[in-house]
Amino acid sequence: MLEATKLTKKYGSFTALNALNLSVKQGDIFCLLGANGAGKSTTINLFLNFIEPTEGLATINSLDVTLHSKETKQLLSYIPENLMLYPNLTGLENLDFFCGLGGKNYSKEQLEELLKQSGLQVDFIHKRVSSYSKGMRQKVGIALASAREASVLLLDEPTSGLDPKASNEFSELLLDMKDKGVATLMATHDLFRAKATGTHIGIMKEGVLIHQVEANSISLPELEELYLETMKLSQTVSS
Amino acid sequence: MKKKSSYINRYEFVSLVRQRWLQFLILILTALVLFAVLNGKQRVDQRLSDIQSAQETVAEKDSIGIILLDSIEAGFTVDVPRWYMPDQPNVMGYSYLRVAAMPPDEMAIIATGQSDIYTHYVKPNMYGESFELNYTELSNPVQLMFGSFDLSFVLIYLLPLIVIAFSYNILSQEREQGILQVIASHPVSVFRWLLQKALMRYLLLSGILVALLVVILTFAGVSLVEDFEKSLTFSFLTLGYLLFWFILACLVNLRGQSSANNAVWLIGWWILLVLLVPSSVNQMANSLYPVPSRAKLINELRVVNAHAEEKADELLEDYLRDHPELAGFEGGSVGWQEYFATQDLIKSEIQPVLDEYEIRLKQQQDWVDRIRFISPALLLQSSFNEISGTSTRHYEHYRQQVSEFSVVWRDHFLPMIFRGEKFTKEMMPGLPEFKYQHPTAYRLSVTNTFAVFIFCSVLLLLGALWSMQSKTSLLTH
Amino acid sequence: MIRRIAFKEMKENLYEGRFRVTIIIVSVLLIMATWLSLNYFKSVQQQHADAKANARNIWESQDEKNPHSAAHYGTYAFKPKYPLSLIDPGVDKFSGISIFLEAHKRNEAQYMAAADQTGLARFGDLTPDFIMLFIIPLLIILIGYNAFTREQELGTLKLLKGQGISSWKLALGKWVGIFLPVLILTTGLFVIAFILLVNVEDFGELNYGVLLLMFVVYVIYYAVFINITLMVSAVSKQSGISLVSLLVIWIVVCLAMPKASSNLADSIYPYPSRQAFAADIDKDKKAGLDGHNPWSQAAKDFERETLEKYGVDSLSQLPFNFDGYRMQKGEEHEAQVYFKHYAELKNTFRNQSKVYQAAAIASPFLPTRFLSMALARTDYRAHWDFSDAAESYRLSLVDTLNMNLAVNSTYGDWAYKADRSLWKNVPDFEYDPPSLGDIIGRNWSNILVLGLWFLVSFVGLKILTQRV
């Protein structure tokens, strides 16, 4: 579904992403780990066509995202670190609006059902988003992803700042999506979540994807060791 | 299946209502338009009643004149000095004057224009020259300096500021809140989304404005169907100007800077286009085509006067040679002929000096007309004054008409004076009357309307080109 | 502490491109405006001097003639330009430049410059006062709108408060940080104006005290704007909202209020139209003694009274020419009529001024505007002053001429011609503008309101910044 081939992004002499090769298939949850500035968000922004690659190719469903921006966006749903919604509209209205932008029309009942499924408290459905917590907004994001019937999910540190319970609920929802055959690319700092929910894990540093492992082939302590090892290694490489 | 645009429209509307923008717009626009129209109406009413009372005074005086003439013709003696006797044509020509009035146009409420500087009626008499008439109105100069809070001020100055306050953050707010990225992750172009939003706001504001204008102007007694073409031009100009500022607001937003920065930029444009450009254009017109000193004119007039009086005797011969029809009547007064001969000489000598003023003013006006395309505010101002019939040109035209009338008025009495004839009651209805001719062709407004929309199209094109390049800076930090 | 905050503010501003660009633009505009004004005033001053000399020359070179004819011939009074009109031309453009002085009639000043310009003249001119009254307050808003909101948005406010600085000291520091650059700009302008005025010849006498006072007025005006800006910034949640609110305030204070108060003044105390005013005067004039009409009832009464007073039987027995005497008495009656009507007009003007003064409570722009004009002697009062001076000169001129006729000729002798030396002996029209003391005396209310604005806005700042 998601494919990056020698994907590179340079800002002047600074290389934000260096010849990334990556593939996320249906039912995969690919977790990108790495420090700030490692190129995780750049990767996601490239798939979103928010920025254009200097070299290489990013495809969704074999379509080049730069050439078929509209078609590929039809397929994907995006939840940033802090999903912002219109504060003066209710959760339901926000969902309705963004579904509309994605070309999907739902009745009020259907929208209510979608929000309930994503775990939003019923009495908040018709309250303005200005009264929502971050976790509640992320739930609206998941509802949006499933409403849009997205086959690709791009997540940029979606659980940072969530309390453990909300974070857990979010992971549950991701697994539901996975079962529906959605391909997910998620940037995260949370090794524990990556191990628990991800099917594949990549570790990035300075724009390079250094390691790529299957989640069930590695234990959590091993993953942590590998991560820290990688960070040190990179430092010596760069110095 | 509902279209994407209908979702954008609907939720934009809901958002505006919940942020109380809609309520605020209706309230502030109603207050502004109402106040401006009331001020305009007061001015127009004042003008009408001034003219009305002048006409009444004339009618009153006429009826006294008729009574006097009746008595004189019936052979009674009347207790009036000789120089108040209406059977003397020179008395008629000097004190039984007609009102040469410039009544307001149908849409005069819109713009005060030059109407607070100039007077709207004069009574030219037989002796005076029309150039000696003082056309400036008695007014507190502080009021002239501050100007009037009229509809033209609301639309030209304040409306852009309302648009700026309403839309300086039309995109930057979403960007700052992080919603823009969520929108951009959907299959819809940011530029199109912005246009749709701006269009929605534009239509909303236009709708409110047009409805208010129609209701309040009609309420103030302005018939908008009377001269439908003018009403239409007025609406299109206003809507075009509104559109211009909306597009400018969108363009500035597309630069991808913070809301506060956008506001500063937009205010900068407003100051430039509405305050600085017009006053600079005026000052340039003054220095390119300087009107000669009026102080100099005063002295030249005196020299010419003195010169003419010295030559009065020899003048008379020339004058009678030019006007044989006026010579040699029994009982006619040589004094009169000498007087008018002198007047003619003064007029012919002073005319080139006077023409200089009119020519310079006309050159200024022509230059201003040519350069008006550099700011939409100039386009609107020239059009609004034209539509209201309060432009410099209208007053110039009026002065021209009065000048022609004063010649007609004098020429009506001259032969009688020279022949020593008496004025009789039967001649009363035959007195020349002044009828103000509204200039039929209005030259600028249609072009101006097109020009405003061309402004908009160019900006829109620029925006489309720009948005293709500026995507990156909009969506990432 | 206050100084440290002020320097931090100025440094932050200096690093910001927006601040540098606006300061440069405003400076360039100020220089341009001053230069344009200087050129304009030099030429007007020249024209005025020429015209004045010319008018006197024409008056003096009259032939021998009946003095009353000379009174009809008349002369002109020209309104002088004052040095400080370089900074604030006030209402000069909208009031006439000269008054024709003749027997029997008080004329209005004629030829306002605005009537010789296109409709664009109404947009205003690029003169120093325009920049100082409109643009510099905007500059203050642009520098200061985010003084507090920026710290709030960046979170540095908590950091600052964590250092134990009081809200009031913080506000004062910010105040000084905005005030200093504005003060430098204003001082620069006044110094340049001062140098120009000292170096331009024939610019009349310059009273340095007035220049200094004008400077103080503007500085207070800016202080008020800084207070307002900081208040709004302190209570706003976002920079954008603060900026837009301040712009709304600016529009209301500087643009809308002056216009609205003009409309109000005009609708509550309307001026008569020129024609109606003239017609009313004519009516009153006719009711009394007409110097040229010995047959009217008033003239006959006057004749009888005079005969009784001097105890003679016929007019020719009087020790003077009764025609000249009657003409002078007629003149005096007419002068009274004019005095009455102009007093009414002046009263209307005073009432209108009261409307402006009341509106000044809602707009610090208005008292500043009026004070600045008054100090530059370019306000409407100064024009009235000139007009009144011209009228009293006219009366003394006509009195001299009529009495010359009355004393030097006998009744019925219309052939008398005064010697040409008489024209030269009549003093020329000289007009001294109101003194500084007069100006201050007349503008108490404006001074008071501006001072009130200054105090109240400072107190408001203190109260509102407590919450920060």
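## Close-up views of a predicted three-chain model

**View 1. A hairpin in chain A.** Strands β4(A) and β5(A) pair in the antiparallel sense, and two bridges hold the pairing. This view, like the others here, comes from a predicted model. Follow the chain from one strand to the other and you pass through a hairpin with two residues between β4(A) and β5(A). Look for A:Asn61 in the turn, where phi is positive, at about 55 degrees. Across the pairing, A:Ile60 stands opposite A:Leu63 in β5(A).

View 2. As background, strands of a sheet pair through backbone hydrogen bonds, either parallel or antiparallel.

**View 3. Strand β1 of chain A and its two pairings.** Strand β1(A) covers residues 2–11 and is joined to β2(A) by seven bridges, the two running antiparallel. To find this pairing, look for A:Ala4, which stands opposite A:Leu22 in β2(A). Strand β1(A) is also joined to β4(A), residues 55–60, through five bridges, again antiparallel. Here the pair to look for is A:Leu2, opposite A:Ile60 in β4(A).

**View 4. Where chain B meets chain A.** This contact brings together 23 residues of chain B and 25 residues of chain A. On the chain B side, the elements that give two or more residues are α1 (4–18), α7 (179–184) and α17 (471–475). Which of the elements of chain B gives the most to this side? It is α1(B), with six residues. Sorted by class, the chain B side has 11 nonpolar, nine polar and three charged residues.

**View 5. Where chain B meets chain C.** Of the two pairs of chains in contact, chains B and C share the most contacts. Chain B brings 64 residues to this meeting and chain C brings 66. Several helices of chain B give two or more residues to its side, among them α2 (21–73), α5 (151–167), α10 (259–288) and α13 (334–371). The largest share, 13 residues, comes from α10(B). The chain B side divides into 30 nonpolar, 29 polar and five charged residues. What about chains A and C? They do not touch, and their nearest C-alpha atoms are 15 Å apart.

**View 6. The largest nonpolar core.** This core has 277 residues, and those touching the most other members are A:Leu95, A:Val152, B:Ile164 and B:Ala249. Helix α9(B), residues 228–254, gives the most to the core, with 16 residues. Domain 1 (1–288 + 375–477) and domain 2 (291–372) of chain B both give residues, so the core lies between them. Zoom in on B:Ala249 and, leaving aside residues up to four places away in sequence, you can pick out the residues that B:Ala249 touches, including B:Val163, B:Ile164, B:Tyr168 and B:Leu266. A second, separate core of 29 residues includes C:Ala51, C:Ala70, C:Ala109 and C:Phe429. As a general background, nonpolar side chains tend to be buried together in soluble globular proteins.

**View 7. The two domains of chain B.** The C-alpha centres of domain 1 and domain 2 of chain B lie 36 Å apart. Where they meet, each domain of chain B gives 17 residues to the contact. On the domain 1 side, α10, α14 and α15 (392–419) of chain B each supply at least two residues. The most come from α15(B), with seven residues. By class, the domain 1 side has 11 nonpolar, three polar and three charged residues.

**View 8. The fold of chain C.** Why is chain C described as more spread out than a compact globule? The radius of gyration of chain C is 29 Å, well over the 23 Å that the globule rule gives for 468 residues, so chain C is more spread out than a compact globule. Along its principal axes, the C-alpha trace of chain C spans about 105 × 45 × 35 Å. Buried residues make up 44% of the chain C residues.

Technical notes. Residues numbered from 1 in each chain as written. Chains lettered and ligands numbered in written order. Predicted model: local features only at pLDDT ≥ 70, side-chain atom pairs only at ≥ 80, totals over all residues. Contact = placed C-beta atoms within 7 Å. Helix = DSSP H or I, 4+ residues; strand = E, 2+ residues; numbered from the N terminus. Nonpolar A, V, L, I, M, F, W, Y, C, P; charged D, E, K, R; others polar. Rg over C-alpha atoms; globule rule 2.2 N^0.38 Å. Buried ≥ 20, exposed ≤ 12 C-beta atoms within 10 Å, placed from the backbone. Pairing = 2+ DSSP bridges. Core = buried A, V, L, I, M, F, W, Y, C linked by C-beta atoms within 7 Å. Domains from an automatic or database assignment.
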